[in-house]
Amino acid sequence: MVKKSVHEINRKIEDGSVNVVTAEEMVTIVEELGAEGAAKEVDVVTTGTFGAMCSSGLMLNLGHSEPPIKIQKIWFNNVEAYSGLAAVDAYLGAAQISDTRGIQYGGAHVIEDLLRGKEIDVHATSYGTDCYPRKVLDTIVSLEDLNEAILLNPRNAYQKYAAATNSSKRILNTYMGELLPNFGNVTYSGAGVLSPLSNDPSYETIGMGTRIFMGGAQGYVIGNGTQHSPSSGFGTLMLKGNLKEMNPDYLRAASFTGYGATLYMGIGIPIPILNEKIAAATAVRDEDIVTTIQDYAVGSRDKPIVREVNYAELRSGSVQIDGKDVPTSSLSSFKNARKIANELKQWVKHGKFFVSMPVERLCAEGSAKPMKETQAVPLVKDVMSSFFVTIKRDQTVQDAAKKIWENSFNHLTVISDAGELVGILTAWDISKAVAENCFDSVESVMTKKVLTCAPNEPVDLAARRLDRYGVSAMPVIDAQRRVLGIITSDNISKLLARRY
């Protein structure tokens, strides 16, 4: 039985005799020597990950102005930060978007610009007090002008991520990137074999106070991250590091189309091999890390699971869904994760980085709770109109005009002989047909690609779809495409009027 201490390992780091390998290399070592033999041979295993970590932000202190100001609201390059802390402290969230440039630029970009030595415009306002009389401040600062610039990241380095796909007929823009229609692709995130928490799933060496590689500098774990869900293998970390010591190679801003700003962080954690159990855990392979592919076509917190998959399959370039090969792509950079693990390996090997044990272990059981909501979310079936008018596709434009006139209704749902929705016809379509002297069948003038919704969908999602595509109504259909009702912009307006 192998038993080592962190003090013994740090003495080896100090005298240059330490044996350090990356988590990738450890897989082969354990296969060849077994867990006990690997524990005798290896002292430290380094891990790494480089991916989008939206739940990140910068705590900074500007110093006092003359005359002094107690900042109530503050913007950096037109990106608002939280200032309800003290006079000149602020917290800039990575995902906060610009007031002027929208989702193309956000807090993450301000953080990267600071790190790269760029000057940042600052605008602040205050209500004014006797001791802080100033009400408006406009200035320009760089990173070196700030007293403190500390990254305090509430949720980083997920143990693993669920992968994403899209069963709908349109492109979806999400925090998992662009998802193509009809299961056109699968996107995933995480470093698999190199993932820090996947290499210490019991959190024996990773916890509060653990020294880590963070953005190219030394940082610390300060606790479990928000939404920490260890029971399902989705642990997270809360991290702290000094931005002034970081390297822009390991901290990059990004903006996802249709979603917004995020911060790519490079994180590496050294795992001291204290016994064979820890050695065995650090030999985890991509094949051993199992997650799910979820369908993002469903705009719900609990998305349908398409299938289970492991990271070896995801990293292979394609996975099978319903017998079809679907291409996969990673939102994380495995190349940079490997670079981080190797750089951290060199730091330890050359005595620049010493390992540490947590002063408090992370919780190894439990799951994140959903939000408590005190008001029921209205569903489409609660507000849709159950009165709708149908017409067969082989009927004439004159028939359609008569139905609209008789029913004082602007939308006709077009159905097949079997009762399935095949199109939609509006009063405007009929007016256009008449103006063009077209009196053929309904099928020749109807809209065939119809936006639809389901009765149990939240109204908010239906409203977003109506707004996004500039239409005034959608048929509500069941799984067999039979029409159950219709929801219009008028229905939603009435709902809002009742709410407010």
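1. Domain 2 and domain 3 have C-alpha centres 49 Å apart. The chain is split into domain 1 (4–51 + 166–359), domain 2 (62–145) and domain 3 (378–496), with bounds that come from an automatic or database domain assignment. Keep in mind that this is a predicted model: local features need pLDDT of at least 70 and side-chain atom pairs count only at pLDDT 80 or more, while totals for chains, interfaces and linings use all residues. Residues are numbered from 1 along each chain as its sequence is written, and side-chain values use heavy atoms, with hydrogens and water left out.

2. On overall dimensions, the C-alpha trace spans about 95 × 70 × 40 Å along its principal axes. The secondary structure comes to eleven helices and 33 strands; helices (H or I, at least four residues) and strands (E, at least two) are DSSP runs, numbered from the N terminus. Of the 500 residues, 50% are buried, meaning under 20% relative accessible area, with exposed over 50% and partly exposed in between (1.4 Å probe, protein chains only). Among contacts (heavy atoms within 4.5 Å) with a separation of 6 or more, 67% join residues 24 or more positions apart.

3. Now the cores. A nonpolar core here is a set of buried Ala, Val, Leu, Ile, Met, Phe, Trp, Tyr and Cys residues joined through side-chain atoms within 4.5 Å. The largest has 49 residues, and Leu62, Ile74, Phe76, Leu151, Leu237, Leu243 and Leu251 touch the most other members. Helix H3 (residues 107–115) gives the most to this core, five residues. Both domain 1 and domain 2 supply at least three residues each. Another core, of 48 residues, lies apart from it, and includes Ala39, Leu274, Ile278 and Leu344.

4. Next, an open three-stranded sheet with mixed pairing, in the order S1-S2-S23; strands pair if DSSP finds at least two bridges between them. Neighbouring strands are turned by 25° against each other on average, direction ignored. Axes are lines fitted to C-alpha atoms, for helices over the stretch in contact, and angles run from 0 to 180 degrees between N-to-C directions. S2 (residues 44–46) pairs with S23 in the antiparallel sense over three bridges, and Thr46 has Pro270 as its bridge partner in S23. Helix H2 (residues 23–41) packs on this sheet, touching S1 and S2, with its direction at about 100° to that of S1.

5. Another open sheet of three strands, also of mixed pairing, has the order S29-S30-S31. Its edges are S29 (389–392) and S31 (421–426), each with a single partner strand, so one side of each lacks a neighbour in the sheet. S29 and S30 (residues 411–415) run parallel, joined by four bridges; Thr390 has Thr413 as its bridge partner in S30. Helix H8 (residues 397–407) packs on the sheet and touches S29, S30 and S31, its direction making about 170° with that of S29.

6. On annotation, the unreviewed UniProt entry gives "domain: CBS" for residues 384–441 and 446–500. The end C-alpha atoms of residues 384–441 are 28 Å apart, and that span is 34% helix and 26% strand.

7. Finally, Thr488 sits in strand S33 (residues 483–488) and counts as buried at 12% relative accessibility. Neighbours within four places in sequence aside, Thr488 is in contact with Leu466, Ser472 and Ala473.

Methods: UniProt positions are given in the numbering used here, feature names are shortened, and annotations may be inferred rather than shown by experiment.
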